[in-house]
Amino acid sequence: MDFGRISRRHLLQGGAALTLGAAAGARPAFAAETTIGFIYVGSRDDYGYNQAHAQGAAALKKIPGVKVVEEEKVPETDAVEKTIESMINLDGASLLFPTSFGYYNPHIVKMAAKYPKLHFEHCGGLWTDKDPKNAGSYFGYIDEAQYISGIVAGYTSKTGKLGFVAAKPIPQVLRNINAFALGAKLANPKATTQVIFTGDWSMPVKEAEATNSLIDQGVDVLTCHVDGPKTMVENAARRGAMVCGYHVDQSPLAPKAYLTGAEWNWEALYPKFVKMIAAGESIPNFYRGGLKEEIVKTSPYGEAVSAEARKHADEIKAKFLSAEGYAIFKGGLVDNKGKTVIAAGTDRGQKDPELEKMDYLVEGVIGATS
Amino acid sequence: MADGSIGLWTVSLAVLGGAIRVSTPFLFVSLGECITERSGRINLGLEGTLVMGAMSAYGISYLTGSPWLGLLAAGITGALLGALHAGICSLPRVNDVAVGIALMLFGTGLAFYLGKPLIEPTAPRLPAIDFGWWSDIPQVRAALRVNVLFLIGVALAPTLYWAFRATRWGLLIRTAGESSDAARAMGHSVLLIRLRATMVGGFLAGIGGSFLSLFYPGSWNEGLSSGQGITAVALVIFARWDPLLCLWASLAFGGAAALGPALQSVGVTSGYHLFNAAPYVLTLAIMIITCSPKRTLTGAPAELSITR
């Protein structure tokens with residue numbers, strides 16, 4: 001299928017580019033109309049990670065003078081380099097958003113070095129000084145929104161047992177699990193969060209099985225970190241459990257069971273990036289932010305959320321939005337094996353790069369990273 | 001029990017529940033492939049048929065509001081794909097394995113293409129029958145919520161077993177599979193028998209797909225099958241072309257799929273990748289134990305291109 005896609009692109013657009021090129025000479029790198037390329041690892045409408053990015057791309061399409069080209073289901077291999085090449089050479093893209101974690105090293109780094117005049121904005125990677133200056137990595141502290149979900153879940157759960165369906169034990173996922181668990185403990189100090197790893201980003205049958213096993217264990221509020229939360233949300237709601245969403249708002253799937261959720265806010269961030277480039281400003285190579293910077297947001301509360309939970313969650317949200325900020329990972333933090341992972345007295349603020357190397361599960365989480 | 005937890009019992013219950021929930025697509029695809037292979041042809045395209053069945057069932061159920069019409073649509077789609085496979089294979093010097101692989105890619109590709117607008121909407125699902133009414137424990141009740149397709153599949157396995165031994169058309173399929181010359185000498189068209197067998201196989205695989213999208217996990221998305229169709233084709237060899245063994249093998253695979261998440265949920269967290277791989281390790285082990293360089297696999301139809 002890869003073959004079909006590439007050859008079609010080459011044939012149709014290659015043909016078009018040839019005619020254009022012959023008529024108007026070489027295309028300038030920055031035309032009056034800016035072309036922006038979006039590359040997704042999965043399906044653009046997966047009710048999850050890729051859809052969140054596609055919503056951001058849709059927001060860019062509304063800006064006059066901006067043309068968006070998109071390609072979905074591009075694997076995290078050499079295939080992404082081919083896609084980037086064709087977006088640059090055939091579509092004239094000058095800004096690229098390869099949105100999947102695994103694209104960054106070595107693929108984006110290599111492409112950015114090859115095309116030093118173009119911009120590459122990668123989601124989730126860790127840009128370092130050694131990487132090309134025209135590449136950048138941006139990401140959102142979605143754990144802030146997960147923390148809010150955790151508070152709401154902690155108040156809503158009757159059994160005090162929460163569940164988390166996770167894909168892989170990588171730092172970003174562990175950070176979400178820990179933030180959710182810590183938020184829940186704020187609401188109910190005895191709350192536990194049980195995590196099940198499915199092993200990959202999109203495993204619908206495993207996700208459904210994990211959801212059922214958690215509910216069998218007495219879990220009554222669930223959330224997840226997988227690419228498409230639809231399976232978890234629908235199966236949990238069918239069993240009468242409550243859910244917190246992830247990536248995008250899944251409340252239409254389970255209106256009664258949906259409490260709140262941690263959502264990306266790319267439709268606010270991407271137009272900001274484009275305006276910065278249009279104004280001649282440079283986007284910081286290492287771009288991070290949370291609720292305050294409008295990179296993440298929380299879903300509106302569902303009807304099952306109590307007034308008490310709303311009040312507490314809104315208080316914490318206000319702290320995240322305040323000038324001094326709020327630290328989720330405070331000193332004296334113990335992991336679920338009893339080891340102190342953050343020494344007493346040293347609060348790790350959200351921007352602390354140490355948090356992006358997280359390899360532990362905090363006290364109150366049932367599960368293991370390996 | 002007061003807190004709603006039943007501890008380690010969950011694992012056995014989850015494996016039982018998983019065997020019932022997860023096994024149905026395996027069961028339908030493997031029974032369908034069993035019929036096709038017994039007629040002397042191998043259809044590797046059933047992965048594509050499964051995915052097409054899942055997509056068309058979801059689409060029709062969403063458009064008409066009736067999951068049963070969706071089920072029927074999945075079966076018809078499967079039968080048509082089966083007819084396509086059989087049609088191409090009836091041309092001279094065509095390799096059925098290669099055609100199967102091509103149709104697998106065609107089926108999944110077409111389903112992803114046509115299924116794009118179906119990812120977001122929610123379609124009506126097939127109902128479940130509650131067999132856990134006698135129990136007060138919610139976990140038991142949940143494990144015993146059985147879909148009627150599972151029951152049909154379970155009933156179909158012994159029926160096929162009997163049909164292959166005792167009915168006229170069962171014997172005809174086997175004759176075509178064991179010796180096409182014998183079937184021809186009896187005045188039957190081998191191609192026609194294989195066409196019908198492949199269409200029935202496709203029909204069943206399509207029904208298996210509808211279970212995925214209309215019952216469990218219960219929605220359409222592109223990762224839905226993740227190779228279950230091709231696993232089920234391998235299951236047939238594993239089950240020695242015996243419908244009854246297909247049933248047990250499907251149940252074992254379903255139960256094994258539930259094992260990883262269930263063990264993690266009770267706190268056995270180390271090595272979950274290993275537990276997730278359990279069904280494949282099981283297959284490999286049985287293959288190694290039962291294979292022999294001196295003879296072909298027992299029960300293999302003699303006309304099958306992989307054993308010939």
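Visitor: Which residue of S8(A) does A:Gly163 stand opposite?

Guide: A:Gly163 stands opposite A:Leu222. This is a predicted model, in which local features need pLDDT of at least 70 and side-chain atom pairs count only at pLDDT 80 or more, while totals for chains, interfaces and linings use all residues. Residues are numbered from 1 along each chain as its sequence is written, and chains are lettered from A and ligands numbered from 1 in the order in which they are written.

Visitor: What makes S6 and S8 of chain A a pair?

Guide: Two strands pair if DSSP finds at least two bridges between them. Strand S6 (residues 161-166) and strand S8 (residues 221-225) of chain A have 5 bridges, in the parallel sense, so they pair by that definition. Strands here are DSSP runs of E with at least two residues, and helices are runs of H or I with at least four, numbered from the N terminus.

Visitor: Why are S12 and S15 of chain A said to stand at the edges?

Guide: The open sheet has 7 strands in the order S12-S10-S9-S8-S6-S7-S15 (chain A), with mixed pairing. Strands S12 (296-298) and S15 (365-366) each have a single partner strand, so one side of each lacks a neighbour in the sheet.

Visitor: Why is A:Lys292 called partly exposed?

Guide: A residue is buried if 20 or more other C-beta atoms, placed from the backbone, lie within 10 Å of its own, exposed if 12 or fewer, and partly exposed in between. A:Lys292 has 17 C-beta neighbours inside 10 Å, so it counts as partly exposed. A:Lys292 lies in the loop between strand S11 (286-289) and S12 of chain A.

Visitor: How do you know that H6(A) is largely enclosed by the rest of the structure?

Guide: Of the 17 residues of H6(A), 14 are buried, so the helix is largely enclosed.
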